[in-house]
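Q: I would like to learn how to read a protein model step by step. Could we take the features one at a time, with the general idea first and the case after it?

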Amino acid sequence: MGLIDLFIKPEPEEKKNNNEGKKGQSASKPQSQQTAPKAETPEPTPLPYTIDSTTEVSIDVQQRLWKTLQDRNIPGPDMMELVTYSTSMESSGLPVEKRYELAFNVLKSQYPNFNKKTLLNSVDVYISYVKEELESGKRQFQEKRRREVELKNTEIQTMNANCNKLMAQIEELKKKQAELSEQIKKSQEAVSNADKNIAHNQQVFENTINALIAKLQADKEVMSNLNI
């Protein structure tokens, strides 16, 4: 499951098609053989630090973002190793600057070529990775809005036109007109709810991305002033 899947769920029609295919395959099997074991849900990736934010953010997205950065870890010592090692010293009560300095010195002793420029450049690389996730998420939210709002609104406009035509027809078509009106009402409610939910989830997603970027930028500033 991708990062954006935390907000954008599979289409209901796809689920329906998958379920119908499963029913056709398992119709002749005993009940005991039809139930597949559930896959274990992987444990969320722990964050090395808390992202401070005054806006709503998603813990799940934070965890998935950090996992993405871990999966794309740059070879050799860099920000990832420094932050991870610094986190292991949180119980010491030292301020973050001192822990970063200690972590840097440990890495420097193991990798003599490691320097501040390499460290700061790696922060920029990881920020670019997070921004890639942001742009990817925006595109998928846009596509979801197109499918679930814009196209549905077009369908509603078409149904309204048909409804107006039906209202001018004879008495025997009134039943069909009433059913179509009910369908329009339900569709409008579904679209309205979908639009609000998408807008809210996109805002949470963008807040989360921006919060992490701000934290990484702040860390970069701290690291820029380290006595290393």
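Q: In which helix is Asn201 found?
A: Helices here are DSSP runs of H or I with at least four residues, and strands are runs of E with at least two, both numbered from the N terminus. Asn201 lies in helix α7, which covers residues 174-224. Please keep in mind that this is a predicted model, in which local features need pLDDT of at least 70 and side-chain atom pairs count only at pLDDT 80 or more, while totals for chains, interfaces and linings use all residues. Residues are numbered from 1 along each chain as its sequence is written, and side-chain values use heavy atoms, with hydrogens and water left out.

Q: How many helices and strands does the protein chain have?
A: The protein chain has 7 helices and 0 strands, so that its pattern along the sequence reads α-α-α-α-α-α-α.

Q: Does Asn201 count as buried or exposed, and why?
A: A residue is called buried under 20% relative accessible area, exposed over 50%, and partly exposed in between, using a 1.4 Å probe and protein chains only. Asn201 counts as buried because its relative accessibility is 14%. Ala194, which is also found in helix α7, is buried as well, with a relative accessible area of 15%. Of the 228 residues of the protein chain, 31% count as buried.

Q: Which residue's side chain does the side chain of Asn201 join in a polar contact?
A: A polar contact is a pair of N or O atoms within 3.5 Å; within protein, one must be able to donate a hydrogen and the other to accept it, and residues adjacent in sequence count only if both atoms are side-chain atoms. Here the side chains of Asn201 and His200 are joined by such a contact, at 3.5 Å.

Q: At what angle do helix α4 and helix α5 pack?
A: Axes are lines fitted to C-alpha atoms, for helices over the stretch in contact, and angles run from 0 to 180 degrees between N-to-C directions. Helix α4 (residues 79-87) and helix α5 (residues 96-110) pack at about 120 degrees, with their axes 8 Å apart. This makes α4 oblique to α5, since angles under 35 degrees count as roughly parallel, over 145 as roughly antiparallel, 65 to 115 as roughly perpendicular and the rest as oblique.

Q: Which residues in α3 meet residues in α7?
A: Contact means heavy atoms within 4.5 Å. Val61, Gln62 and Leu65 in α3 meet Thr208, Ile209 and Leu212 in α7.
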